[in-house]
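Visitor: Please walk me through this structure one question at a time. I am new to reading such models.

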Amino acid sequence: MATTSPSNAHPEIDIEQAPTPRPMRVAIIGAGRSGIALLDVLHQISTIEIIGITDKDPSAPGLRRAQELNVTTYAHVTDLIKIPGVDLVMDVTGDAAMLTALQEQLPPEVDLISGQASRLFWTLVQHESTLQTELLHAEKLAGIGSFAAGIAHDMNNPLQLILGLAENLADEGDLDAVHAQALDIIDAVKRTTAICRDLTSYSRRTSLRQDCLVGINGKLDEALKIARYAVALQDIDIRKLYQPDVAVKGNPDELLHVFVNLITNAVQAMEHHGTLTLETSAEADTTQVRVSDTGCGMAPDVQSRIFEPFFTTKPPGKGTGLGLYNIKNVIHRMNGSIGVDSHIGLGTTFTLTFHDESVAGERSTRS
Amino acid sequence: MNEFKSGFFVGGESTNGRVLIVDDEPDIRKVVRMTLQKASYDVLEAENGEKAIEVINSGENRLLLDVIICDIRMPKVNGIEAIAYFRQNYPRVPLIVLTGFPDTDMATSLLRQGVVDYLVKPVEGEKLKASVARAMDQRELAHL
């Protein structure tokens, strides 16, 4: 092909003109933990099309995950593998009988990954998950850099009080005044240490706990405390529409990071003036968290790209472009989904939705 | 003295000068007041830029205010906006910035705008008094 010649002065044109390759069409058999992990990884790859997933257990969690990702679910293996144009079948059931049946029934042009190869794939997916955790931590640490102004403000104000009072105490003759000022100093020291405690707790490496029952309302309040180091909240009207006792199962550290990021983005979108609404609700097995702002909003073409890695609308050096990408990954790991509704000039709402029957059960037990 | 709104302190008859401290933290206003009152200054307080503009425009403060000490990070009208207002409307009143966050670029920009001093909390009482005294000297020169 002449246009791929190395002497071509405009190689980028070749890339644009190259025909898009047909995506690899993959069928997944098994919708347990391995199936979910496969779905989560493969659906992010544009050159792979997941044509369907099946499991003999109709309540397998991967089937619900598939529906959230708009992947077709099938009740029977035979229905899935007879779809024309399947390139690859991935069997993650670990069932020897399934392997035998597939080897007998699959047409020769369809590749099959099963057994040890499937386990290798599972290991790679777990490795990917570890890398995502590392990425989350790196992005969190990058974000903490923007806390400097807020930390300095909150540390130096009580330090000014301590210094001023201590200087005054040196020649204060009134014992009652000495007593009152000493108490003020103790209080200021406590405020300063609380800042250090909040930040060291937030900046630590995320624990691997994924199944803690996390109280959402408390976690949102905690996130507000952290977010105020990154963005000035003084002129933001904060509305909390909390339904009592709303909880989800997940990693509390990751969830805190998600909320800090969403709140920080919301306040930045309002340029420090407007209304921030934090809303939680729980009905049956569905829990929702909404973070809304009255800021600048996003155009549809921006909305469609915000969950992509390294996509940012912030100026160079101000954003990593990994915040919403990481948020999406955290929420997906919790079997949840994230949606955005935004209108230019009116504002943006991010909605997190979690389905978990066990949480609903515990909630009703608690209430 | 009827023109002074309640809550503003007006000191003794013979003082070294009248200083307005603008800070959203009551604790900061309290220690600055404590330090400067000991050095015989009248101290007025405002919790943000908006209130500060009210104070400076009220009654005899228009004429008698000598020095403004202003924080940067405050609600409503922040320090940057307030300082721009003071420089435009009261160019003869010297300004001292007292901030919790040292920012070299901002300090340079503010000093270029005519701010007398850029102090970073926590600042020792002696340093604060020396800064106010320097600002008072500048105030005197402005009157000549």
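Visitor: Is A:Asn70 buried or exposed?

Guide: A residue is buried if 20 or more other C-beta atoms lie within 10 Å of its own, exposed if 12 or fewer do, and partly exposed in between, with C-beta atoms placed from the backbone. A:Asn70 has 8 other C-beta atoms within 10 Å, so A:Asn70 is exposed.

Visitor: What kind of model is this?

Guide: Residues are numbered from 1 along each chain as its sequence is written, while chains are lettered from A and ligands numbered from 1 in the order in which they are written. Local features need pLDDT of at least 70, side-chain atom pairs count only at pLDDT 80 or more, and totals for chains, interfaces and linings use all residues, in a model that is predicted.

Visitor: What is the phi of A:Asn70?

Guide: Most residues other than glycine have a negative phi. A:Asn70 sits in the loop between helix H3 (61–68) and strand E3 (73–74) of chain A; helices (H or I, at least four residues) and strands (E, at least two) are DSSP runs, numbered from the N terminus. A:Asn70 is not a glycine, yet its phi is positive, at about 60°.

Visitor: Which peptide bond is cis?

Guide: Most peptide bonds are trans. Look at the loop of chain B between strand E5 (117–120) and helix H6 (125–143), where B:Pro122 is placed. With omega near -5°, the cis bond is the one from B:Lys121 to B:Pro122.

Visitor: Which residues does A:Ala223 touch, leaving aside its neighbours within four places in sequence?

Guide: Two residues are in contact if their C-beta atoms, placed from the backbone, lie within 7 Å. With those sequence neighbours set aside, the partners of A:Ala223 are A:Leu256, A:Phe259, A:Val260 and A:Ile263.

Visitor: Are H6(A) and H12(A) parallel, perpendicular or oblique to each other?

Guide: Axes are lines fitted to C-alpha atoms, for helices over the stretch in contact, and angles run from 0 to 180 degrees between N-to-C directions. Helix H6 (residues 115–144) of chain A packs against H12(A) at about 135°, with the axes 10 Å apart. Angles under 35 degrees count as roughly parallel, over 145 as roughly antiparallel, 65 to 115 as roughly perpendicular and the rest as oblique. H6(A) and H12(A) are therefore oblique.

Visitor: How many residues does helix H1 of chain B give to the side that touches chain A?

Guide: The contact takes 16 residues from chain B and 16 residues from chain A. On the chain B side, the largest share comes from helix H1 (residues 26–38), with five residues.

Visitor: What share of the residues in chain B is buried?

Guide: Chain B has six helices and five strands, arranged along the sequence as β-α-β-α-α-β-α-β-α-β-α. Of its 144 residues, the buried share is 44%.
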